[in-house]
Amino acid sequence: MVGLTEKVLVTAALPYSYAPRHFGHLAGAYLPADIFARFKRMKGAETLYVCGTDENASSIVIEAMRQGMTPKELCDKYYPIQKEVFEKLGISFDIFSRTSKPIHYKVVEEFYRKLWEKGYIYPKEIKQWWCPNCKIFLPDRFVVGTCPRCGAPNQYGDVCEVCGAWYESFEIKDPRCSLCGTRPEIKTRTHFFLKLSALSDKVLEYVRDKKFWRKATYNKTVSWLEKEGLRDKDITRDYEWGPPAPFPG
Ligand SMILES: [Zn+2]
Ligand SMILES: [Zn+2]
């Protein structure tokens, strides 16, 4: 009689396609997962270690503009470099894919549809920075200006590296587009949000018996879920790049 083979799926945070790798990434994410995957393979488990480049972030669109390329050109340039770095480091991925592949679009659309049908996605109006010169919406990281707390110049739109303060969008003084220096405008847009707040109790229930987690991680996760819970997450962006969102409106 043949026993059932254990099936294990291992993954590690997908790197942005253009961002260089350094030893912090390796030690923090890919190496521990690699050790676990190798251990499971040695124990005879059917193991799949999957990773790939994240090519759909808004920072990809903006980095491409900065380098004078299309997002696709940027991702096509960096994917082979990322893949080669991981190969040279001996990370034993079974699959190292790209989130711009058709299969990802298909899977994302299926997820979106199911979540929409079950009422876990809803539209909400939000305010965003818009650069009238570059004609793009700017994530907070791509707006620079004066820190509203300590007055340090040339700080990011969400955090000051001089005094360490985090602030809300639109608090920053003298905002400028980090690409062209133009003063951005504030525009209202409808985005779609994932109702994570409705899932806090379920996630807490899942986490509760994970006593084998490191104590600090376990305690922090449980107390965070009990006190704050999960926040709803904006899952759409105002770019042509990336999987389309199949929602009405
Ligand atoms: Zn601009
Ligand atoms: Zn500051």
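Let's start with the largest nonpolar core, which has 19 residues. Ile62, Leu138 and Tyr167 touch the most other members of that core. By nonpolar core I mean a set of buried Ala, Val, Leu, Ile, Met, Phe, Trp, Tyr and Cys residues joined through side-chain atoms within 4.5 Å. Buried means under 20% relative accessible area, exposed is over 50%, and partly exposed lies in between, with a 1.4 Å probe and protein chains only. Helix α2 (58-66), strand β4 (121-131) and strand β5 (136-138) each supply at least two residues of this core. Helices (H or I, at least four residues) and strands (E, at least two) are DSSP runs, numbered from the N terminus. There is also a second, separate core of 15 residues. Tyr30, Tyr49, Tyr79 and Phe96 are among its members. In soluble globular proteins, nonpolar side chains tend to be buried together.

A word on the model. It is predicted, so local features need pLDDT of at least 70 and side-chain atom pairs count only at pLDDT 80 or more, while totals for chains, interfaces and linings use all residues. Residues are numbered from 1 along each chain as its sequence is written, chains are lettered from A and ligands numbered from 1 in the order written, and side-chain values use heavy atoms, leaving out hydrogens and water.

Back to Leu138. Not counting residues up to four places away in sequence, Leu138 touches Ile62, Trp129, Cys131, Val143, Cys177 and Pro184. Contact here means heavy atoms within 4.5 Å.

Now α2. Seven of its nine residues are buried. They are Ser58, Ser59, Ile60, Val61, Ile62, Glu63 and Ala64. What covers them includes α3 (71-89) and β5. After α2 comes Gly68, with a positive phi near 70 degrees.

Next, the metal. The zinc ion (ligand 1) has four protein donors: Cys131, Cys134, Cys177 and Cys180, each through SG, at 2.3 Å. Donors are N, O and S atoms within 2.8 Å of the metal (3.2 Å for Na, K and Ca); water is not among the atoms, so sites may look incomplete. Why is the arrangement tetrahedral? Because the four donor atoms subtend angles of 105 to 112 degrees, and four donors count as tetrahedral if all angles lie between 85 and 135 degrees. Along the chain, the donors follow the spacing C-x2-C-x42-C-x2-C. Cys131 and Cys134 are both buried.

On to the sheet. It is open, with four strands in the order β5-β4-β9-β10 and antiparallel pairing. Two strands pair if DSSP finds at least two bridges between them. β5 and β10 are the edge strands, each pairing on one side only. Two bridges join β9 (residues 185-194) to β10. Phe193 has Asp234 as its bridge partner in β10.

So where does Asp234 sit, and what does its side chain reach? Asp234 is in strand β10 (residues 233-234). Asp234 is buried because its relative accessible area is 18%. Its side chain makes a polar contact of 2.7 Å with the side chain of His191. A polar contact is a pair of N or O atoms within 3.5 Å; within protein, one must be able to donate a hydrogen and the other to accept it, and residues adjacent in sequence count only if both atoms are side-chain atoms. The Asp234 side chain also reaches the backbone nitrogen of Thr236 at 3.2 Å.

Last, the whole chain. It has six helices and 10 strands. Of its 249 residues, 37% count as buried.

Notes: Four donors count as tetrahedral if all angles lie between 85 and 135 degrees; four count as square planar and six as octahedral if opposite donors are over 155 degrees apart and all others between 65 and 115; anything else is irregular.
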